[in-house]
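This report covers selected loop residues and a surface feature. The sequence and structure come first.

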Amino acid sequence: FPNGGTITIRQLLNHTSGIRSYTDIPNYFAGPIREDRDTAGMIGVFRDLPVDFAPGEGWHYNNSGYVLVGAVIEAVTGMPWHAYLEEALFEPLGMDDTGYGADPAVASAQVSSYTFADGGWVPSITVSMTQPHAAGALVSSVGDLLTWNRALHEGKVLEDGTYRMMITPAGKAADVGY
């Protein structure tokens, strides 16, 4: 990735990488969001866009950073990011109702979404579930989310030091005030 040697994984995770978020591209939701894309195709959407700021010098919510985290998972494991999460996390935790939203078996169990527009509820735009990628293409049930929440916050997913890093804002992310 351009300038990838100066961006840390933590900056990707805490929205301080400076990479332009593909969801900020004008008119992206008007059409391109409906296209199926693999990891390389997703990275191609934003790889050549100008950066918002130098790595670590600002904060801006960024879905592109999480696409790159998914790419890192794929490079390290040799598996699609969602397949690795299934094998390494969801199956061992017994999360049988969690999966990749672009998988037809998972998609068939999803409910339709709606948005409020023009004074009433209308169906939301159709989005290819390949597009949210590692930034949001997982779907789950309430029961599985409870299982995940307990496992994550009770030390079954991360070592204590890593968990502390996850919940402790650092650098420009600490200035956001969430």
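## The loop between E2 and E3

Asp-118 sits in the loop that joins strand E2 (114–117) to strand E3 (120–123). The model is predicted, and in it the phi angle of Asp-118 is near 50 degrees, a positive value in a residue other than glycine. Most residues other than glycine have a negative phi. Asp-118 has a relative accessibility of 86% and therefore counts as exposed, since the cut-off for that class is over 50%.

The relative accessible area of His-15 is 11%, so His-15 is buried; the limit for buried is under 20%.

His-15 is one of the residues touched by Asn-62, along with Ser-17, Ile-19, Arg-20 and Ser-21, when residues up to four places away in sequence are not counted. Asn-62 is itself part of a loop, the one between helix H2 (39–46) and helix H3 (63–77). Because its relative accessible area is 2%, Asn-62 is classed as buried.

## A patch of negative charge

On the surface, a patch of negative charge is formed by Glu-87, Glu-91, Asp-96 and Asp-97. Asp-97 is located in the loop between helix H4 (81–93) and strand E1 (99–100).

Is Asp-97 buried or exposed? Its relative accessibility is 51%, so Asp-97 counts as exposed, the threshold being over 50%.

Conventions: Residues are numbered from 1 along each chain as its sequence is written. This is a predicted model: local features need pLDDT of at least 70, side-chain atom pairs count only at pLDDT 80 or more; totals for chains, interfaces and linings use all residues. Side-chain values use heavy atoms; hydrogens and water are left out. Patches are made of residues with over 30% relative accessible area and no salt bridge: like charges are joined within 9 Å, nonpolar side chains (Val, Leu, Ile, Met, Phe, Trp, Tyr) within 5 Å. Accessible areas come from the Shrake-Rupley method with a 1.4 Å probe; for residues, only the protein chains shown count as cover. A salt bridge is a side-chain nitrogen of Lys or Arg within 4 Å of a carboxyl oxygen of Asp or Glu. Lys and Arg count as positive and Asp and Glu as negative; His and the chain ends are not counted. The place of a charge is taken as NZ of Lys, CZ of Arg, CG of Asp or CD of Glu. Helices (H or I, at least four residues) and strands (E, at least two) are DSSP runs, numbered from the N terminus. Buried means under 20% relative accessible area, exposed over 50%, partly exposed in between (1.4 Å probe, protein chains only). Contact means heavy atoms within 4.5 Å.
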